[in-house]
Amino acid sequence: MNDHGVGDHDHPDHPDHEPNDVASDLQPKEPTMLLARMAEAVYWAGRYLERAEGTARIVQVHTDAHVDMPVGQDVGWEPLLSIVGVDSEFAERYSHAADAGAADAAEEDVIEFLLRGEENPSSIMGAIASARENLRTARPVIPREAWEACNNLWLVCSDNLAETDSRQNRVQWLRRVIAGCQRINGILLGTMSRDEAMSFLLIGQNLERADLTTRVLDVRSDNLHPQRGDDPYDVVHWMAVLRSLAAYQPFRRAMPARPQGGSTLRFLLQDDRFPRAVSACLTETRAHLKGLARAEDAIEATTNAAMVVASAAVPRLTLGGLSEFLDEVQVALGEIHHHIDDTYFRPAFVGWQPESLAS
Amino acid sequence: MATHRTHHRRIKGVVEAAESPDAPEDGPDPRTAPWPSYDPGEFYDEMVGPHGVPRPAAEALWRHFTELGPEALSERQDAADREMRAIGVTFTVYEGSTGVDRPWPFDIIPRVMPSDEWQLIESGLVQRLNALNLFIDDVYHDQRAVSAGIVPSELVAGSPNFRRECVGVDPPGGIWAHICGSDLIRDGDGTVYVLEDNLRVPSGVSYLLENRMVTKHVFAEMFRHYSIEPVDPYVGRLANMLASVSPSTGDPTIVVLTPGIYNSAYFEHAFLAQQLGVELVEGSDLVVLDDDCVYARTIDGLQRVDVIYRRIDDLFLDPEVFRPDSMLGVPGLVRSWRAGRVALVNAPGAGIADDKKVYSYVPDIIRFFLDEEPILATVPTLRCSDEDSRHYVLSNLERLVVKPANESGGYGVMVGTQATEDEMASTAKQVEEEPNRWVAQPIIPLSTAPTLCEGEVAPRHVDLRPFTLLGPEGAYVTRGGLTRVARQAGSLVVNSSQGGGSKDTWVVDTRGGDSLPLNEPSGSGS
């Protein structure tokens, strides 16, 4: 503002030039701040974006795998519900179908529930809508383009919901979701400062990834047990597991064996370089936590989860006890979330005094 | 009235002098006009002057539209609509109790104003805001304007916008209303009037900035040929002004305070916080401690806040002093402000100067505090508390606009030419029962601007909301403003909550001939 008020008209060529920099303008603002509420919003935006992308991959691969299975051997659509962890909500919602005597969940009901139900935060549309709401709240701390890309993803997906009706067009729609989420991630990685808001977003993303990976393993491992030995479809099943986590190619490059229970588990749990492997997600989470103040409890919980994963005896798990083990991992992941929530989003400010008053 | 009449002629004069009202022989041939059937009739049109000749400032645009053709115009409108939707520019309308996000309605045909006219408007707006701030400061201190008989004492004491909590407070630089969103209108002879001074939490500046961004994409080629004043500097000026009122030394912590995501202007609150690079807080994010300082709940604990650009109405700001049931505000906020520990922008109590009864005294307020003649015209306003005026109003309802003195957003307004018998009777009854609450004004025939309506370009009534900033270090006025446009033919209602649309406003430099290369053979325009 300074000396350039309305009198600017004498300088029509420079109607709005600002005063020259003074020394203090060259120093970054100190301190910057991040509201607890904003941190929570970006954390959840990270989680929901990852959930949308992950669910889209899982449904896409399941639709493909369904086609490969011999008639009579297909696994139905319920496993999808378990992966997303919504079996009971689904049963409640579609109880009329069960009453009518339909033994298995119908494809269209499952797809409707997993893709379209905006009221269901685990559905793809629900996750996109929640990510959008959170990014909208967090607009001041994220790049404008990222918000626009998310808004656009939401618009395009809701405008084209009809595509999800047929298997053929559904693939198209799911690709849109995956590409849209990747675009947002790309914008964030390419244009967002590596500040605390970014850390919360990436922590949310990595925890959700780790969670999704364990869910996929849990459900698949349950009904895809390797007891049939040379069953050619065994490989198909494990390939599907890897594909639904975008892990097939990295697996092939990293592991000597063909995709089977043991090698797949080893890779998806303990690999340190593949970004959707649980171990890699935890390494990332810990790195971002280390940049935050007061993160001791959350870091300890992360280290604990990493220990649980690292100490898994994979060969034995293929013979049994996998489900219990994955439960243990999930509890450990939940602990990390719990500490982050307590420390940053819902801190007890009661009785807290600023330094100026305390001294 | 007589004295300042001469002053608004100065504005009108600019328009007329540039018009070349006589035979437009070397002007464009009406047959090559972009919209041959376009006819604003008796109204002042912002783009087209007498004889269908474009006004000089708009001439290059006019030619461009002729070259472009009607289909391309519709295509570009579609592109603009898509972009508005994609970048998520919305406003919220309430249907019952649920808020629905609507895409921001935007008409791509810009409204053009010459920069020399704009300069006069700018000085008029700054003059007005300076005077109003002196008046507000006076109201909460010595009340010299009342003692001198400039304004009646009941105008101050009886106003619902008078805040006794503000008496004796000294905000930095004596400035209470730092941000003003004035409503300007133009009548049939081209005179520009201030219709309202919005000094509380005026909104719309985000739409002004977004409209320009979309226009730049839609008419990119025009910006190469036209010297159009930029609107972007507003945000930087706003940031400087906010920093300049900080009570602390060193880098101030500035926040935007919003009522939350369900507020109809939430889009703007988030937009401004993002543009300013500051946090967007809700009441629950802030706390006032025993040291009377305001703190924000951050991930690192509590952090001191110095300046609050608040977008919450006075009465919801602080449940300790105003509405105790407010969940939006911050207990102790006014205490902190009174102690000089935090700056509130705009200050509480600033609304005393923007009710419609005070409006009628603004010319006298300007003369009293600044010893200057008002630059901008004020619409003659009858106060129904005055018996003669009331009598006149009641017997001329069909020729007047009757409005409540303390409402904003167009609520409760009766336009005589458009009201039903019942509406008139109901207004008359209310005026008789509570004359103090009502004022009346002649119906100003608002100017029109070409607007794309279902594929056809037709005249629609417009107003204009520029934004003025005032801080201890100076004043700044946006170059142009948010032009609001009524969508229905003949309608005077431009509020977006009531279906109005918007336009980009171009303040163009018409003085330098080289700024109009599209205009080579023409003799007019410089």
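Guide: Strands (E, at least two residues) and helices (H or I, at least four residues) are DSSP runs numbered from the N terminus, and two strands pair if DSSP finds at least two bridges between them. This is a predicted model, in which local features need pLDDT of at least 70 and side-chain atom pairs count only at pLDDT 80 or more, while totals for chains, interfaces and linings use all residues. Residues are numbered from 1 along each chain as its sequence is written, and chains are lettered from A and ligands numbered from 1 in the order in which they are written.

A residue is called buried here if 20 or more other C-beta atoms, placed from the backbone, lie within 10 Å of its own, exposed if 12 or fewer do, and partly exposed in between.

By that criterion, 50% of the 526 residues of chain B are buried, and the chain holds 15 helices and 24 strands. An automatic or database domain assignment divides chain B into domain 1 (2-20 + 33-247 + 342-373 + 444-519), domain 2 (248-341) and domain 3 (380-442). The centres of domain 2 and domain 3 of chain B, taken over C-alpha atoms, are 38 Å apart.

Helix H9 (residues 266-276) of chain B is mostly covered, with ten of its eleven residues buried, among them B:Phe267, B:His269 and B:Leu272. Just after H9(B) comes B:Gly277, which takes a positive phi of about 70°.

Elsewhere in chain B, an open sheet of four strands has the order E15-E18-E16-E17, with antiparallel pairing, and its edge strands, E15 (382-383) and E17 (414-415), each pair on one side only. Strand E16 (residues 400-404) and strand E18 (residues 438-442) of chain B are joined over five bridges, and B:Val401 has B:Gln441 in E18(B) as its bridge partner.

A nonpolar core is a set of buried Ala, Val, Leu, Ile, Met, Phe, Trp, Tyr and Cys residues joined through C-beta atoms within 7 Å. The largest such core has 233 residues, and those with the most contacts inside it include A:Ala52, A:Ile128, B:Ile136 and B:Ile308. The helix that gives the most to this core is H1(A), with 15 residues. Another core, of twelve residues, lies apart from it and includes B:Val393, B:Leu400, B:Trp438 and B:Ala440.

In chain A, the domain assignment gives domain 1 (34-191) and domain 2 (194-226 + 234-347), whose centres, taken over C-alpha atoms, are separated by 20 Å. Their contact takes 28 residues from domain 1 and 25 residues from domain 2. Helix H1 (36-68) and helix H2 (78-84) of chain A each supply at least two residues of the side of domain 1 that touches domain 2, and the largest share of that side, 19 residues, comes from H1(A).

A:Ala138 lies in the loop between helix H6 (124-137) and helix H7 (144-159) of chain A, and it counts as buried because it has 28 C-beta neighbours inside 10 Å. Leaving aside neighbours within four places in sequence, A:Ala138 is in contact with A:Met38, A:Ala41, A:Val42 and A:Ala45.

As for confidence, pLDDT (the predictor's confidence in each residue, from 0 to 100) has a mean of 87 in chain B, where 89% of residues reach 70 or more. It stays under 50 over residues 12-25 of chain B and over residues 513-526 of chain B, and the model scores ipTM 0.77 and pTM 0.84.

Conventions: Two residues are in contact if their C-beta atoms, placed from the backbone, lie within 7 Å.
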